Amino acid sequence: MIKYFRTSRRITWQGKLNLTPLVDITFQLIVFFMVVSQVVTAEREPMQLPSPADSQAKQKTQADRIVINLFADEAGQLGKIKVNAQPISDLPALVDMMLRLGPVARAKGTSVILRADKTIRYDQIEPVLKALSNASVGLVEIATEMEVIQQ
Amino acid sequence: MFNLLIFFLVATSFKLPEALLTARVPKTTGIAASIAVPLVPITIYLQPSTGDQALIIRVSSSIRSDAASLTVLEDFIELADHLKSLKARGVVNESTPVVIAARNATPWDHVVDAYNASVVAQFKQIVFAGWE
């Protein structure tokens, strides 16, 4: 004879969610954003670049390059100067540096990229262009904002 | 930890992609550059203005840079069209040097716009010069 016993004990479902993978992914994302934000700002600090209409500018992917950053201050005058994330004291020092680096850059085929704030006066950029031409650099790439074509 | 993630998500500045305009800087920049005579360069004069127009753009395509030979333009789109029309009329060709002569106080933005307009018109030799 089979006997059934009723019990008052209820079987409860104890669902546990393992959060360890979620925490791992979150840490990975944090590290990613920490590293990426440093890499992006090293050479390309924020500034207002010129944005010509119907721009003919193209994107550059070459790794070996000299990036000259010319920042404007509040008055629209030339402020900070950096070359490949290295601060330069003033314009004459930049001109000297270009006269020294120019022939080497030309020999190696290194591209020279000029990133200048669009509000800087032309008379403060012309000495840099002259230094590059006197150093026989030949080709300079002027950074502009990429035009977003809306379709 | 999630606050940290949100902080970095918000603080990371996603910059606008950049593009590059290739410019030649010959050994001697300026109007008296290594340009063979008797080629007459096209000279684009840029002068900041305090009036309604932020910038005065003048183009000269003759040896005499007097008022009669200068064409005054409204904006850089007109400049590009004017340069294209000069080529279409056969007055110049793509090898004709283009000199961008800007006053000291001209913002770099306008100089680059003038350079871009010359590239749109498909000129190959474009140089920068000062204009005292």
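**Reading the model step by step**

Author: Start just after H3(A), where A:Ser136 takes a positive phi of about 60°. Keep in mind that this is a predicted model.

Reader: Which residues of helix H3 of chain A are buried?

Author: First, the general idea. An α-helix has 3.6 residues a turn, so residues three or four places apart point the same way. Now the case here. Helix H3 of chain A covers residues 126-134. Its buried residues are A:Glu126, A:Val128, A:Leu129, A:Ala131, A:Leu132 and A:Ser133.

Reader: Why does A:Lys82 count as buried?

Author: Look at the relative accessibility. Buried means under 20%. A:Lys82 has 16%, so it counts as buried. This residue is found in strand E2 of chain A, residues 78-83. Leaving out residues up to four places away in sequence, A:Lys82 touches A:Glu45, A:Val67, A:Ile68, A:Asn69, A:Phe71, A:Pro87 and A:Ile88.

Reader: Is A:Ile66 buried or exposed?

Author: Use the same cut-off, under 20%. A:Ile66 counts as buried because its relative accessibility is 10%. It lies in strand E1 of chain A, residues 65-72.

Reader: How many residues apart in sequence are A:Ile66 and A:Val112?

Author: They are 46 residues apart in sequence. In space, C-alpha to C-alpha, the separation is 4.8 Å. A:Val112 is also one of the contacts of A:Ile66. Others beyond four places in sequence include A:Val83, A:Met98, A:Leu101 and A:Ile113.

Reader: Now the two chains. How many residues does each bring to the contact?

Author: Chain A brings 52 residues and chain B brings 40. Together they bury about 4,200 Å², with 67% of it on carbon and sulfur atoms. Three residues of chain B, B:Glu18, B:Leu20 and B:Trp108, supply 21% of the area that chain B buries against chain A.

Reader: How many salt bridges and polar contacts cross the interface?

Author: Count each kind by its own rule. The salt-bridge rule finds zero. For polar contact, 13 residue pairs turn up, both residues at pLDDT 80 or more.

Reader: What kinds of residues make up the side of chain B that touches chain A?

Author: That side divides into 26 nonpolar, seven polar and seven charged residues.

Reader: In which sense do strand E5 of chain A and E1(B) pair?

Author: They pair in the antiparallel sense, over eight bridges. Find A:Thr144 on your screen: it stands opposite B:Ala19 in E1(B).

Definitions and conventions
Residues numbered from 1 in each chain as written. Chains lettered and ligands numbered in written order. Predicted model: local features only at pLDDT ≥ 70, side-chain atom pairs only at ≥ 80, totals over all residues. Heavy atoms only, no water. Contact = heavy atoms within 4.5 Å. Buried area = accessible area lost by both parts, 1.4 Å probe. Salt bridge = Lys/Arg side-chain N within 4 Å of Asp/Glu carboxyl O. Polar contact = N/O pair within 3.5 Å; in protein donor to acceptor, adjacent residues only side chain to side chain. Nonpolar A, V, L, I, M, F, W, Y, C, P; charged D, E, K, R; others polar. Pairing = 2+ DSSP bridges. Helix = DSSP H or I, 4+ residues; strand = E, 2+ residues; numbered from the N terminus. Buried < 20%, exposed > 50% of the residue type's maximum accessible area, 1.4 Å probe, protein only.
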